[in-house]
Amino acid sequence: MDIKYTDKHDFNKNELEELFLSVNWSSGHYPEKLCTAMKNFNTVFSAYDGDKLVGMVCAMDDGIMNAYVHYLLVNPEYHNQMIGRTLINKIKDKYQDYLRIAVIAYDNEMHFYKNCGFEKSNDASPMFITSLWT
């Protein structure tokens, strides 16, 4: 398998819908919104197997000090092939001069992020306001 990586921001809604739903993320039900979101992110790296979008990472930043990894997802059919780690390494390379790269990790994904060099905060917890789109 020859995975190709790109930094494009322009996706079609079908490929985003397929990738996001492959990991059971509800945002996959809003592919038009995802297309707009990808265009607005500061940083997007994606992984392709031929023409198939199989992974992506998206980050926002303040331009100098802080970057936040908002999305990291890899189609489960492609797990354990270093795609997620490669995407995180691209983020780490891009933001190497920043003071902080932050991510909110679900509990069952903590081990992955720790293996990529992230550390769990002892004095902070993520908080959310989640709006359900209609």
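**Close-up 1. Ser27 in the loop between α1 and α2.** At a relative accessibility of 12%, Ser27 counts as buried (buried is under 20% relative accessible area, exposed over 50%, partly exposed in between; 1.4 Å probe, protein chains only). Ser27 sits in the loop between α1 and α2; helices (H or I, at least four residues) and strands (E, at least two) are DSSP runs numbered from the N terminus. Neighbours within four places in sequence aside, Ser27 contacts Phe20, Leu34 and Tyr71, a contact being heavy atoms within 4.5 Å. The model is predicted: local features need pLDDT of at least 70 and side-chain atom pairs pLDDT 80 or more, while totals for chains, interfaces and linings use all residues. Residues are numbered from 1 along each chain as its sequence is written, and side-chain values use heavy atoms, with hydrogens and water left out.

**Close-up 2. Packing of helix α1 on helix α2.** Helix α1 (residues 13-22) packs against helix α2 (residues 31-40) at an angle of about 100°, and their axes are 9 Å apart. Axes are lines fitted to C-alpha atoms, for helices over the stretch in contact, with angles from 0 to 180 degrees between N-to-C directions. The two helices, α1 and α2, are therefore roughly perpendicular (65 to 115 degrees; under 35 is roughly parallel, over 145 roughly antiparallel, the rest oblique). Lys13, Leu16, Glu17 and Phe20 of α1 meet Pro31, Glu32, Leu34, Cys35 and Met38 of α2. Six of the residues in this contact are nonpolar, none polar and three charged; Ala, Val, Leu, Ile, Met, Phe, Trp, Tyr, Cys and Pro count as nonpolar, Asp, Glu, Lys and Arg as charged, and the others, Gly among them, as polar.

Close-up 3. The structure holds seven aromatic pairs, in which ring centres of Phe, Tyr or Trp (its six-membered ring) lie within 6.5 Å; planes under 30 degrees apart are stacked, over 60 edge-to-face and the rest tilted. Trp25 and Tyr71 form a tilted pair, with ring centres 5.8 Å apart and planes at 35°. Trp25 is in the loop between α1 and α2 and Tyr71 in strand β4, so the pair ties together parts 46 residues apart in sequence. Trp25 is partly exposed at 22% relative accessible area, whereas Tyr71 is buried at 13%. Tyr113 and Phe118 form an edge-to-face pair, 5.7 Å centre to centre with 85° between the planes. Tyr113 is buried at 7%, and Phe118 is buried at 14%. Ring pairs also link Phe20, Trp25, Phe41 and Tyr71 into a cluster.
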